[in-house]
Amino acid sequence: MAKARSVQSGKIWQNRRTREVLWTLLKLQKVENGVLVITGTKQKMEGEIGVFHGIFLTGATINGSNEKGYPAMKRLLEVEEGTFNYYDYGANALGDL
């Protein structure tokens, strides 16, 4: 993938679940192609979700597994404890995401 710059990062925990993280990303609609990287500490997994203009979730994958698409996105969005990083890839394509 092309170079990216980190736009937002933080922790996922009881008072800031992935739902709140996604609401934060809605404010960043100027990011054309973004990737939300979620790392779960309890579930011991890491994955990526493609985000177009801060509104559309375009795909997902879980690293180290064959899980992709909606099942991967669902698992990542259910993470209750961990970290997230949101990267701006500008106009560069995101491949499978």
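Contact here means heavy atoms within 4.5 Å. In this predicted model, T61 touches G47, E48, E67, K68, A72, L76 and L97, leaving aside residues up to four places away in sequence. T61 is part of strand β4. Its relative accessibility is 18%, and T61 therefore counts as buried, the cut-off being under 20% relative accessible area.

An α-helix has 3.6 residues a turn, so residues three or four places apart point the same way.

Strands β3 and β4 are paired in the antiparallel sense, with 6 bridges between them. Together they form a hairpin in which 3 residues separate the two strands. Within the turn, H53 has a positive phi of about 55°. F52 stands opposite F56 of β4, a strand that covers residues 56-62.

Both F52 and F56 also contribute to a nonpolar surface patch, together with I55. The area of this patch is about 280 Å². Strand β4 thus holds F56, a member of the surface patch, as well as T61, which counts as buried at 18% relative accessibility.

How values were computed:
Residues numbered from 1 in each chain as written. Predicted model: local features only at pLDDT ≥ 70, side-chain atom pairs only at ≥ 80, totals over all residues. Heavy atoms only, no water. Patch = residues over 30% accessible without salt bridge, like charges linked within 9 Å, V, L, I, M, F, W, Y side chains within 5 Å. Areas by Shrake-Rupley, 256 points an atom, 1.4 Å probe, with all protein chains shown as cover. Salt bridge = Lys/Arg side-chain N within 4 Å of Asp/Glu carboxyl O. Helix = DSSP H or I, 4+ residues; strand = E, 2+ residues; numbered from the N terminus. Buried < 20%, exposed > 50% of the residue type's maximum accessible area, 1.4 Å probe, protein only. Pairing = 2+ DSSP bridges.
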